[in-house]
Amino acid sequence: MRIRRLQVRDLRRYRELDIDLAPGVTVVRGPNEAGKTTIQRAIELAITRRVTSAAADLESLRSWDAGPEARPWVAIEFEQDEEDGRRATGTLEKTFAGAKGTVLLKYDGQAVSDPTLADQVMAELTGIPTEPFFRSTASVRHHELSDLARDETALRDRLQASISGADRGTGRAKKKLERVLHDLTTKGDKNPGRLKVAQAAVASTNASVEKGELALAQLERDRDALSGSRDRRADAEGALGERRSLLEKARQAERLESERAAAQTRYERFRDAVQVAAELDTLSQSHPSSHPLPVVRSAVERLRMLDGRIRELRAALSGEVEVQFDVAPEPTWRPLSRWGIVLVGLGLVVAGGTFAARILAIADLGSTPLYLGAVAAGIGLILTFVAFWLRRNSHMQEQLRDVEIDRRLRGRSEMEADLRQAELDTTQQLGALGLDDLAAAEDLLVREGAHVARMDQLAAQLDGLVGKEPRETLSALRDSAALEVDQKSSALDALGPIAKEPRARERLEVEVRDAEGSVERARDDEANARARVEANAVDAEQVAAEAERLAVWREQLGALQRRHRVLDTTLKAIERAEVATMKTATRYLEGHMVRDVAAVTGGRYRRVRVDDKTLDIEVHAPELGDWVPVSSLSQGTLDLVYLTARLGLVRLVTGDRRPPLVFDDPFVTLDDTRAARALSLLKRVAADFQIIYLTTSDRYDAAADAVVELPGPTAVDDGVDDPALADPALAGVALADPATAGVEGAA
Amino acid sequence: MLRIIHTADVHLGARHNDLGNQAATQRERQFAAFVAAIDLALGEKVDLFLVAGDLFDSNVQPRRSVERVAAQLKRLGEARIRTVIAPGTHDRYDRSSIFRAYDVKAMAGSTAEDDWVTVLTPDLPSIHLTACDVVVHASVFATKRAPHSPLRDLDAATDPTRATWHVGMVHGSIAIPGKTDRDEVVITTDEIAATHLDYLALGHWHSAQQGKAGDVTYAYAGAPEPVALDQDRAGKVLLVELDQAGGGGKTVSVVERQVGRTRFERTELDAASIATQPALIDLLVRQADPDLVLDARIVGVRPDELDLDVDEIEAALAPSFLKVRVRDVSMPALTEGTLPSPDTITGAFIRDLEARIAELEAVPGVVGGTDVDTAPNGEAAELRDALRLGRLLLAGHEVSL
């Protein structure tokens, strides 16, 4: 594309501008602040900027003295060499009014007013899709040729920038990314990166949360255990209470049993007593004799005595007829006594004599006489004793006989009187008793005796049963005892089966002891469980706060990690793109720039080699027969080689679309000789590209196909009363001096 | 007439992972809402204060939380208002239950001889408050998942206890096929109707709502203070009035009363409509409210020149809200217009990334640029961000990294 005419309204210092541009080299010359850069901006806006753009820089591009409704307006007329060799023309008008911006592109018989479509068409025509692309490719800035020789990397960086499609190359972008990535990922302890800080915070907080959660879980388990131990303690206490209750019942049953037994005993005793008393009462009212027993006894004894007397008397009276008196025989004791005494004496003599002979040593007669004498003495003693006893018996018999004789001598009449008296007494006694005879009296005595004995027996029995208890109270006492037995039995029944269980108390005492032990253990368990709960100082709200902090840190870490991935992906993608494009660029350069290099070096260098990775350019030096880096060449040659490479890359990246190239005085630092050479290269390039050269110098006028002179600004600030500024000569110095032109946007 | 304040799901001690440093503040607000409910009960001089489950967010809340609750319940007792609490699913009555660990009744100054405070348990499924002439029923389980419906075998019509009013409490979900199938405690409206209760106080759902099944009026009080987003009907308690007309007909009136302060709101903003970060801040600050938790999502396609630092935005808005959370789920657009030459680094860069993006977004379920839920988390979204970042950097734009 070649722009033939450029019109501008309300763009920076231009309220209105209308310039024609040559299809070849157009030099746009003017002092500083003449508006040269504005022309470059206008071309950029026309080719690449969307009219509806709301970018802030558009506001700054408005003319200072334009009305509030004024908006930058740019129009171009252009030519385009089509592939079929036809040269088409077109016009483009753009009004940059934000959302209300308008565009009208007329080309090849078609009119386009849609901003998006218009920009697409322009991109197709120029090969320039964006402003940054334009600035990195079709715009050659004035600093690009400076310090090429001094800085080995400058050539490479600037060439690389030209294929970046970026405004200032990829280096800056990569450096920015690398710096931020470094800041993110630094792992040093003294200056940790944000990722490390976040990871450490997450790890630390996570550990704290885990510890807290474990403590909470432990608290839950401890409370569960406390609850369980409390239940077990309650169960144990319940069981103990039950056992104690049963034990109490068992003891009570024992006591009741004992009391009942005592009552039963008392009952039986009183019952027996009542029976005995009743029997006694019956007996006392049924004596066989109306007289007391002692009376009956004495009467019967008297009757016996009288009866015996009567019998005696009657016997005596009946046996008195024959009385015989016998001469008593000689007592038998006398012969015995005599022989006894003789034997004793004889024995003594024999024994004594033998002994004396031995003692006196008259004669030893041996022991036999001694023994014989002893035996005889002994027999004699025996006979003596027997005689004594017989004598005694004999005396007694004599006494009896004397009595008998006496009796017989008293007389019969006495006996008869005694007999009559005795019979009278007997009759009286029997009459008193109301009996007929002694047998009856004996019988009465026996019966009365037995009766009284029975009564005595019963009285003794009663006494043994109830002691001195009044008889009238015995029934009541019996009934009371019976009632007590019933009450105790009822009470025992009320106690339930335990009352009937043998040895229940002993069993339950053992069980109560065991249960008490269980309760003790259960209480200890509960106390331990409670202690564990109370020892767990975890605070759920603190753990919650930690968990919330962890969530925040995790979110931050996630965001940082995502940011890291995005940055890393961007960096790696740029690097991949660099590698890919560098390879293409190097091959392209090697193929395309060799012609230009040969031309600008007068055929000296005809072979060019470009490194894939670094874009380092080498030429084959014929005198050395070897490759040499271009940085080792002269400054002038280096400039030209760079330019050929730079412009070759423009062809590459624009796909031979040949957009207009805008040079913002890149040769400003070159001396005249170098500048002339560079300009000659531009003339060659102008065969393919439109060159618009912005400069403050007129040294390029001769090489230009057209020169556009821009007047400098004329307005001065006369509101300052400073004599130093009163010299009119000062007004144009700073504006016209190229040495003080400054960096980009000098106009 | 029997007047009741019905609340549930206070969730004291709840965690709020999405509120960051304001989580503790929200926990205090939850307690403040509970106090407000107590104050309302005292102001309205009701007869009964019902808590239908989940008073505590868990069974491991600290003692001081229980003491604070007990102090409030004591206020009710001193004003002669009876309280009945049913454990829920979070503070369920298992062996480690907070209600076993701490004797809330005693801590609230109530003794075994009075009925000022009652905690219903599996062993105490109902309480006859003779002074109020009401029986309060609640089937409480010792497990989180109920072995059967809590309304099974409950029929006030055949209950032998003589009382004018029969009120039930259940902490669970009303069955919604396909939605509540896995809930721990589920009841049906048929079961509700079969209870013949005068009123069924429900808990578990955090938004207030009412209904009627047969002759039984039921209601969820909702959480007195919202616990999370999407609980726009939370923040309330219910003032329930049970009355019996002269002819014996019973009426039930349920009125919602606001006690909570926090509001949760979600807003979506189209990235394309946002000019700059300051403009976004200005837009959001118009909703400034110290009681508002705002969840702002930036959706749609984000222009390249729009550079958003979510942390900066949240920090700028923090003083104006209880909590503001800005989530940028918008996606940068693919490169518009004509691409730079593939022989340029920019062109190669763009083509490389866009090819990978296209490959990823061709996978079913990954929708590039429009799926606001998956976009920010997917590899495709990251590649789009890398693409935008690269475009901006290569174009020389100043962009925050």
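This is a predicted model: local features need pLDDT of at least 70, side-chain atom pairs count only at pLDDT 80 or more; totals for chains, interfaces and linings use all residues.

Me: Why is H171(B) called buried?
Reply: Buried means under 20% relative accessible area, exposed over 50%, and partly exposed in between (1.4 Å probe, protein chains only). H171(B) has a relative accessible area of 7%, so it is buried. This histidine lies in strand β7 (residues 165–171) of chain B; helices (H or I, at least four residues) and strands (E, at least two) are DSSP runs, numbered from the N terminus.

Me: What makes the H171(B) and D54(B) side chains a polar contact?
Reply: The term needs a pair of N or O atoms within 3.5 Å; within protein, one must be able to donate a hydrogen and the other to accept it, and residues adjacent in sequence count only if both atoms are side-chain atoms. The H171(B)–D54(B) pair comes in at 2.8 Å, and the side chain of H171(B) also makes a polar contact with that of H204(B), at 3.4 Å.

Me: Which residues does H171(B) touch?
Reply: Contact means heavy atoms within 4.5 Å. Leaving out residues up to four places away in sequence, the partners of H171(B) include D9(B), A52(B), P87(B), T89(B) and V185(B).

Me: Is Q61(B) buried or exposed, and how do you know?
Reply: Q61(B) has 2% relative accessibility, so it counts as buried. Q61(B) sits in the loop between β2 (48–52) and α2 (63–78) of chain B, and its side chain makes a polar contact with that of S58(B) at 2.7 Å. Beyond four places in sequence, the contacts of Q61(B) include R223(A), A540(A) and E541(A), along with L12(B) and Y102(B).

Me: What makes the buried residues of α7(B) line one face?
Reply: In α7 (residues 310–317) of chain B, the buried ones are I313(B), E314(B) and L317(B). Seen down the axis of α7(B), they fall within an arc of 95 degrees, so they line one face of the helix. The arc is that of the directions from the helix axis to the C-beta atoms. As background, an α-helix has 3.6 residues a turn, so residues three or four places apart point the same way.

Me: What do the buried residues of α7(B) pack against?
Reply: They pack against α6 (277–285) and β18 (321–328) of chain B. At the start of α7(B), a side-chain oxygen of D309(B) comes within 3.1 Å of the backbone nitrogen of D311(B).

Me: Over to chain A. Why does I359(A) count as exposed?
Reply: I359(A) has 55% relative accessibility, so it counts as exposed. I359(A) is part of helix α9 (residues 333–360) of chain A.

Me: How much of each chain is buried?
Reply: For chain B, 57% of its 401 residues count as buried. For chain A, buried residues are 41% of 747.

Me: And how many helices and strands are there?
Reply: Chain B has nine helices and 19 strands; chain A has 18 helices and 14 strands.

Conventions. Residues are numbered from 1 along each chain as its sequence is written. Chains are lettered from A and ligands numbered from 1 in the order in which they are written. Side-chain values use heavy atoms; hydrogens and water are left out.
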